[in-house]
Amino acid sequence: MPTVTYAGTQVLVNEEGFFTDPEQWREEMAPEIAREAGIPALTEQHWQVIKHVRHEYELRGTGPTVRALGKTSGVSVKELYELFPKGPAKLAAKTAGIPKPRGCI
Amino acid sequence: MSERIVILGGGTGGTLSANRLRGMLDDDVEITVVDHDDDHVYQPGLLFVPFGLARPESLVRSRPRQLHAGIDYRRRGVERVDINKDQVHLEGGAVLPYDLLVIATGARLLPEETEGLAGPGRLPTVHTFYEYEGAEALAGALAAFDGGRLVVDVVDMPIKCPVAPLEFCFLADWYFRERGIRDAVSLTFVTPLDAAFTKPVAARALAGLLAEKGIELVTEFNTGSVEGGDGDDAGDRLVSFDGREVPFDLAVMVPLHGGAAYVDASAGLGDELGFIPTDPHTLQSTVRPNIFVIGDAAAIPTSKAGSVTHFEGEILTRNVARFLAGEELEPGFDGHANCFIETGFHKALLIDFNYDTEPLPGRFPAGVGLPLLRESRLNHLGKRMFAWLYWHILLPGRDIPGVAAAMPHASKHVPATTDH
């Protein structure tokens with residue numbers, strides 16, 4: 001399994017770059033993960049989503065989908081796409097150090 | 001004191017649960033089914049209506065007439081459920097107390113949640129086949145369509161019968177070939193998923209079929225709005241949240257799905273989409289022990305499909321009986337789904353899967369059965385015959401001979417290297 005160094009600490013990630021152990025995540029790692037994903041700086045709104053995603057993961061064991069994020073994070077789906085271009089659910093999960101959200105079937 | 005079971009929803013799950021329970025439980029257990037109308041629609045048939053392959057009125061039967069003797073039917077909308085007082089509040093003010101509640105109210109279409117899909121802003125070029133009137137209207141639009149760009153778009157998951165939009169594409173290809181105008185029609189399938197289907201082996205087979213039939217595949221497209229109309233120079237088009245566009249002359253949309261409206265009005269009952277948090281193996285809700293959930297209404301990781309509801313029925317009703325008897329529940333449901341996929345030209349594919357095993361090639365239910373993940377005429381006949389089985393075997397709560405609730409493993413070809 002690959003390891004990456006964020007904020008001076010080695011962490012385990014899967015082949016797509018998602019944390020395999022969310023316990024290893026620290027807030028100071030988020031800006032670096034975000035930069036790698038093409039987000040130059042994290043705003044207050046980014047943090048609102050990141051904290052919400054962490055909270056949801058701890059509650060349910062999986063990250064929320066874009067639709068669920070739009071209904072529960074206080075940030076609309078349209079804004080989510082501006083904050084985390086391409087895939088808000090995936091990018092927010094990656095930045096928040098949790099596994100890739102399980103898709104619907 | 002006699003126990004009262006209230007079943008919300010008189011569709012596939014509610015009807016088959018009521019009938020099975022009536023046969024299993026003592027006569028002093030009251031069973032009441034509640035639904036807001038008298039129209040039980042055989043939903044798999046809606047796919048065929050736009051192509052003139054099914055008459056819409058032939059798909060509808062009376063809800064209460066599918067229920068066995070000894071089951072009460074209340075024709076009334078549900079306002080809300082009070083899970084703390086074990087009461088269902090009906091529209092008009094009546095209150096139904098329950099000892100055990102079965103939720104079978106399915107999924108609801110939410111076109112109003114996508115800009116340009118509902119209300120006065122909806123374009124005349126935008127259709128759906130996911131409900132009765134829509135399927136009928138689309139039949140007219142297809143008949144009048146002489147060429148141009150037809151797109152089939154899934155706005156977001158989860159949806160009922162995730163294979164139906166693909167089937168629509170395959171049938172449209174066949175339909176326009178029969179009419180001799182296939183060269184004048186471009187067909188595009190637009191999905192929020194990163195592939196044609198959720199599971200890798202089936203996704204590859206289905207992507208292959210799309211390519212073979214000349215149907216374009218657009219993936220990871222999260223539809224934000226449907227735009228266009230008279231005077232818009234850019235023409236009618238789907239616009240994704242990340243700014244991509246797919247132009248069309250006729251759009252067949254699968255709108256967002258959510259749970260029944262009363263769920264949102266019932267404190268503590270549903271999740272943010274209106275589906276009920278449910279144990280995936282026992283089918284007991286995780287909100288209250290005396291609430292069980294069957295079919296599309298449940299927030300569990302399997303397809304929202306009639307076959308799933310059918311397989312759930314056996315486990316759910318056994319667990320309801322166990323619960324009433326004070327016994328431990330059986331974690332018996334494995335997520336089994338079994339779907340015919342119409343591919344046109346009198347052929348169909350069959351896929352069979354569960355929580356742990358993706359759809360694989362082979363035979364169903366055993367070595368001499370129907371071919372899996374491969375086009376055949378036999379599968380097409382199976383799909384067309386299923387309407388009869390639905391009304392006469394499945395709803396009355398009988399078992400289909402040879403088809404068990406648990407997914408069969410024998411006679412499937414397990415790939416040497418799996419994708420998970």
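The accessible surface of chain B comes to about 16,800 Å², and carbon and sulfur atoms account for 50% of it. Accessible areas follow the Shrake-Rupley method with a 1.4 Å probe, and for residues only the protein chains shown count as cover. The model is predicted: local features need pLDDT of at least 70, side-chain atom pairs count only at pLDDT 80 or more, and totals for chains, interfaces and linings use all residues. Residues are numbered from 1 along each chain as its sequence is written, chains are lettered from A and ligands numbered from 1 in the order in which they are written, and side-chain values use heavy atoms, without hydrogens and water.

Chain B contains seven helices and 26 strands. These are DSSP runs, numbered from the N terminus: helices are H or I of at least four residues, strands E of at least two. The radius of gyration of chain B is 22 Å, close to the 22 Å of the globule rule for 420 residues, so chain B is as compact as a globular protein of that length. The radius is taken over C-alpha atoms, and the rule is 2.2 Å times the number of residues to the power 0.38. Along the principal axes, the C-alpha trace of chain B spans about 70 × 55 × 40 Å.

Of the 420 residues in chain B, 58% are buried. Buried means under 20% relative accessible area, exposed over 50%, and partly exposed in between (1.4 Å probe, protein chains only). Among chain B contacts (heavy atoms within 4.5 Å) between residues at least 6 apart in sequence, 67% join residues at least 24 apart.

Over all chains, the structure holds 24 salt bridges. Each is a side-chain nitrogen of Lys or Arg within 4 Å of a carboxyl oxygen of Asp or Glu. One of them joins B:Asp37 and B:Arg63, with the closest N and O atoms 2.7 Å apart. B:Asp37 lies in the loop between β2 (30-35) and β3 (39-41), and B:Arg63 in the loop between β4 (60-62) and β5 (72-75), so the pair ties together parts 26 residues apart in sequence. B:Asp37 is buried, at 17% relative accessibility. B:Arg63 is also buried, at 10%.

B:Arg55 and B:Glu57 form a salt bridge at 3.2 Å, N to O. Here B:Arg55 is exposed at 53%, while B:Glu57 is partly exposed at 46%. B:Asp242 and B:Arg244 pair at 3.5 Å. B:Asp242 is partly exposed at 26%, and B:Arg244 is partly exposed at 32%. A network of salt bridges links B:Glu227, B:Asp232, B:Arg237 and B:Glu245.
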